[in-house]
Amino acid sequence: MYTCIRGPWRVTLGAMAKSRRGAAAGNGGGSARGPSAASAAEARRAALAEVLAVYAELEKRPAERSCTLRTECCQFRLTGRTPMVTAGEAEVAARGVRASGRRSVEARPDGACPLLHPRTGRCMAYAARPFGCRTHFCEAAGGPRDRSSVLDLIRRLERADEMLDGCGPRPFPAALQEALEQA
Ligand code: SF4
């Protein structure tokens with residue numbers, strides 16, 4: 001069975017569906033036939049607005065870092081670290097890609113982020129980059145932000161993910177590809 005990852009825990013999809021059904025019954029959030037298309041669309045808008053609000057809130061908490069655009073953190077295969085993103089983060093990034101005039105992105109043969117431009121070395125959707133790209137800095141730039149300083153924002157992203165019926169944090173390249181295909 002496919003295993004769904006949510007935060008530091010692993011739960012099965014079946015267990016999650018059961019949990020959600022229980023939550024809906026407890027707070028009146030849906031009928032026996034599930035939420036209407038309109039309410040689902042409204043929940044989607046609210047969730048994506050929350051992701052953007054989290055990014056805006058993070059901007060108000062500047063960290064003393066000196067990024068010199070080495071793009072080391074964008075070289076996933078080299079660093080062995082791939083950003084994990086929620087469904088809302090992937091959707092926001094996909095919208096950023098489309099806003100740049102692209103309909104799709106190519107996987108990089110070198111294992112770098114698909115949004116790292118192969119010639120310019122710049123992020124192709126910087127304003128829409130995921131939370132991890134906004135909080136993880138290489139050691140040369142000062143190192144990652146202290147998780148405790150942004151934990152409340154991580155929790156907000158997790159709640160937005162639940163609103164989107166997401167599956168918790170997933171590797172960015174796959175989540176982005178899926179979000180682009182669903183557009
Ligand atoms: S989304 Fe942009 S900033 Fe983040 S890893 Fe990819 S290229 Fe780098």
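Mentor: Let us begin with how elements are named: helices (H or I, at least four residues) and strands (E, at least two) are DSSP runs, numbered from the N terminus. With that rule, the chain has seven helices and four strands.

Trainee: What should I know about the model and its numbering?

Mentor: This is a predicted model, in which local features need pLDDT of at least 70 and side-chain atom pairs count only at pLDDT 80 or more, while totals for chains, interfaces and linings use all residues. Residues are numbered from 1 along each chain as its sequence is written.

Trainee: In what order do the elements of the chain run?

Mentor: Starting at the N terminus, the order is β-β-α-α-α-β-α-α-α-β-α.

Trainee: How do I read the packing of two helices?

Mentor: Two packed helices are described by the angle between their axes and the distance between the axes. Axes here are lines fitted to C-alpha atoms, for helices over the stretch in contact, and angles run from 0 to 180 degrees between N-to-C directions. Take helix α2 (residues 37-59) and helix α4 (residues 87-99): their axes come within 9 Å and cross at roughly 85°. That makes α2 roughly perpendicular to α4; the label covers angles of 65 to 115 degrees, whereas under 35 is roughly parallel, over 145 roughly antiparallel and the rest oblique.

Trainee: Which residues of α2 and α4 meet?

Mentor: Ala47, Leu48, Val51 and Leu52 in α2 meet Gly88, Glu89, Glu91 and Val92 in α4. Contact means that the C-beta atoms of two residues, placed from the backbone, lie within 7 Å. By class, this contact has five nonpolar, one polar and two charged residues. Ala, Val, Leu, Ile, Met, Phe, Trp, Tyr, Cys and Pro count as nonpolar, Asp, Glu, Lys and Arg as charged, and the others, Gly among them, as polar.

Trainee: Is Leu52 buried, partly exposed or exposed?

Mentor: A residue is buried if 20 or more other C-beta atoms lie within 10 Å of its own, exposed if 12 or fewer, and partly exposed in between, with C-beta atoms placed from the backbone. Leu52 has 14 such atoms within 10 Å, so Leu52 is partly exposed. The C-alpha atoms of Leu52 and Gly88 are separated by 9.2 Å, although the two are 36 residues apart along the chain. For the whole chain of 183 residues, 24% are buried.

Trainee: Which residues have the most contacts inside the largest nonpolar core?

Mentor: Such a core is a set of buried Ala, Val, Leu, Ile, Met, Phe, Trp, Tyr and Cys residues joined through C-beta atoms within 7 Å. The largest one has 28 residues, and Ala90, Ala93, Ala94, Val97, Leu176 and Ala179 have the most contacts inside it. Two or more residues come from each of α2, α4, α6 (151-163) and α7 (172-181). Of these, α4 gives the most, with six residues. Leaving aside neighbours within four places in sequence, Val97 is in contact with Arg102, Val105, Met124, Ala125 and Leu180.

Trainee: Which residues surround the ligand?

Mentor: A residue is near a molecule if its C-beta atom, placed from the backbone, lies within 6 Å of it. Around the ligand are Cys74, Cys113, Leu115, Leu116, Cys123, Tyr126, Arg129 and Cys133. By class, this shell has seven nonpolar, no polar and one charged residues.
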